[in-house]
Amino acid sequence: MSGETDRRIEQLLAALRDDNEALRDHAVASLGQLGAAAIERLINLFADEDRVIREAARQAVVQVGADAVPALLEALRDDDWAVREQAAVALGSLQDERAIEPVIAALKDRDGAVRQAAVLALEKLRDPRAVDGLIEALLDQTVREEAARALKKIPDPRAVDGLLRGLASGNWIVKRHAAEALGLIGDTRALDGLREALRDEDWLVRRNAAESLARLGDRRAVEDLLPLLEDENDMVRETAEGALSSLGWTPPNA
């Protein structure tokens with residue numbers, strides 16, 4: 001590396017700490033353009049005590065592109081949790097095939113923030129190889145909500161049993177995502193669980209369950225959907241009407 005390039009990198013790294021947001025953005029873009037020459041020092045900033053700096057460094061690494069992947073995979077094994085976290089986020093943004101298995105392994109990281117970053121990365125990567133790990137993550141209280149959401153992006157029959165457990169859980173966010181994901185998967189094993197979810201206390205769980213039952217197309221859900229025509233929530237009533245119509249039901253006086 002030439003002395004001039006080295007000085008330029010140091011100037012830009014210093015600019016990442018400037019209060020001027022426009023200057024920071026310019027530094028991020030410029031560091032990304034420098035490519036491999038800046039990667040090592042940018043990854044070193046993943047451990048900075050200032051989260052703004054950590055995120056700015058990660059954004060710059062992402063702008064480097066595919067050339068940054070080997071260094072990010074190494075960073076995913078770093079002793080510092082913050083380095084592993086930012087590496088996982090960056091790998092998700094780059095959506096590189098090489099990241100799939102290492103990020104799946106990060107679902108078992110000892111730090112919750114890293115596990116969250118891994119789930120979010122897998123949500124972006126949308127690779128079926130992640131399904132088993134995400135199903136297991138539904139049992140992790142730290143990341144189960146994110147895992148349920150990620151499984152919506154990778155509809156796979158292997159997730160049905162885990163999502164049904166999530167649908168029966170006490171976590172309303174997990175239930176909302178599970179009710180939607182089960183419809184996207186389209187497996188009739190979800191029928192009974194979705195019918196039960198129509199009576200959930202949370203309106204969005206009821207609405208998502210109704211929509212998913214319409215996707216499944218099983219007329220056995222009609223009797224369960226009928227009470228939702230008088231639901232207190234407008235969106236639930238409208239979704240129930242649409243679901244019933246798609247299942248071939250018509251009002252008695254129609």
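Predicted model: local features only at pLDDT ≥ 70, side-chain atom pairs only at ≥ 80, totals over all residues.
Helix α6 has 14 residues and spans 20 Å from its first C-alpha to its last, close to the 20 Å expected at 1.5 Å a residue. Of these 14 residues, 11 are buried, so α6 is largely enclosed by the rest of the structure. Among the buried residues are Val83, Arg84, Glu85 and Leu91. Helix α8, residues 112-125, also has 14 residues and reaches 20 Å between its end C-alpha atoms. This helix is mostly covered, with 10 of its 14 residues buried, including Val114, Arg115, Leu122 and Glu123.

The whole structure contains 29 salt bridges. In one of them, Lys153 and Glu123 meet at 2.9 Å, N to O. Lys153 lies in helix α10 and Glu123 in helix α8, so the pair ties together parts that are 30 residues apart in sequence. Glu123 is buried, with a relative accessible area of 10%, whereas Lys153 is partly exposed at 31%.

A salt bridge also joins Lys108 to Glu136, with the closest N and O atoms 2.6 Å apart. Lys108 is in the loop between α7 and α8, and Glu136 is in helix α9, 28 residues away. Lys108 is exposed at 60% relative accessible area, and Glu136 is partly exposed at 46%.

Lys175 and Asp200 form a salt bridge of 2.8 Å, N to O; both residues are buried. A network of salt bridges links Asp192, Arg195, Glu196, Arg199 and Asp224.

On the surface, Glu40, Glu74, Asp78 and Asp79 gather in a patch of negative charge. Asp78 sits in the loop between α5 and α6 and is partly exposed, at 31% relative accessibility.

Note on methods
Residues numbered from 1 in each chain as written. Heavy atoms only, no water. Patch = residues over 30% accessible without salt bridge, like charges linked within 9 Å, V, L, I, M, F, W, Y side chains within 5 Å. Areas by Shrake-Rupley, 256 points an atom, 1.4 Å probe, with all protein chains shown as cover. Salt bridge = Lys/Arg side-chain N within 4 Å of Asp/Glu carboxyl O. Lys, Arg positive; Asp, Glu negative; His and termini not counted. Charge placed at Lys NZ, Arg CZ, Asp CG, Glu CD. Helix = DSSP H or I, 4+ residues; strand = E, 2+ residues; numbered from the N terminus. Buried < 20%, exposed > 50% of the residue type's maximum accessible area, 1.4 Å probe, protein only. Expected span 1.5 Å × (residues − 1).
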